Amino acid sequence: MQATTQGRVFKNSMELDRREIEDSLEKNLIALRRKLEKYPALEPYLDSLFQVVTSPGKRIRPLLFTGSYRAFSEDTGPLPDHIRQIAVALEIFHAFLLI
């Protein structure tokens, strides 16, 4: 019974993490576009980046990272900012690799 409860808590926290990552991704992409507006040559790359990052997905890479964080810290609350930012960076970096 204990393992089932722990599994449910872990699954719920992963879903919350996914939502936090999605929200943070959107905010970071908007900020990135604003910072790079002065470089029009980057526009096609930014468009591709936005397309790759905003496409629906499971966000496996950032969730593996946040899941590892939770497994070793036993933290079930909201993600700390620095952990969320690293998770978002992993997803954006992966998108750059696809472009």
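Helix α3 crosses helix α4 in a right-handed way, where right-handed means the near helix is turned clockwise from the far one by less than a right angle, and left-handed means anticlockwise. This is a predicted model, in which local features need pLDDT of at least 70 and side-chain atom pairs count only at pLDDT 80 or more, while totals for chains, interfaces and linings use all residues. Residues are numbered from 1 along each chain as its sequence is written, and side-chain values use heavy atoms, with hydrogens and water left out.

Here are the two helix pairs (helices are DSSP runs of H or I, at least four residues, numbered from the N terminus; axes are lines fitted to C-alpha atoms over the stretch in contact, with angles from 0 to 180 degrees between N-to-C directions).

| Pair | Angle | Axis distance |
|---|---|---|
| α3 (residues 60-73) and α4 | roughly 155° | within 8 Å |
| α2 (residues 43-54) and α4 (residues 81-98) | about 120° | 9 Å |

So α3 runs roughly antiparallel to α4 (over 145 degrees). On the α3 side, the contact (heavy atoms within 4.5 Å) uses R61, P62, F65, T66 and Y69, and α4 brings I83, I86, A87, L90, E91 and H94. By class, that's seven nonpolar, two polar and two charged residues (Ala, Val, Leu, Ile, Met, Phe, Trp, Tyr, Cys and Pro count as nonpolar, Asp, Glu, Lys and Arg as charged, the others, Gly among them, as polar).

Now for the other pair. α2 and α4 are oblique to each other, and their crossing is right-handed. L49, V52 and V53 of α2 meet I92, A95, F96 and L98 of α4. This contact has seven nonpolar residues, with no polar and no charged ones.

As for rings, R33 sits over the face of F50, 4.1 Å from the ring centre (for Arg, CZ within 6 Å of the centre and within 35 degrees of the ring normal).

How values were computed: Parallel < 35°, antiparallel > 145°, perpendicular 65-115°, else oblique.
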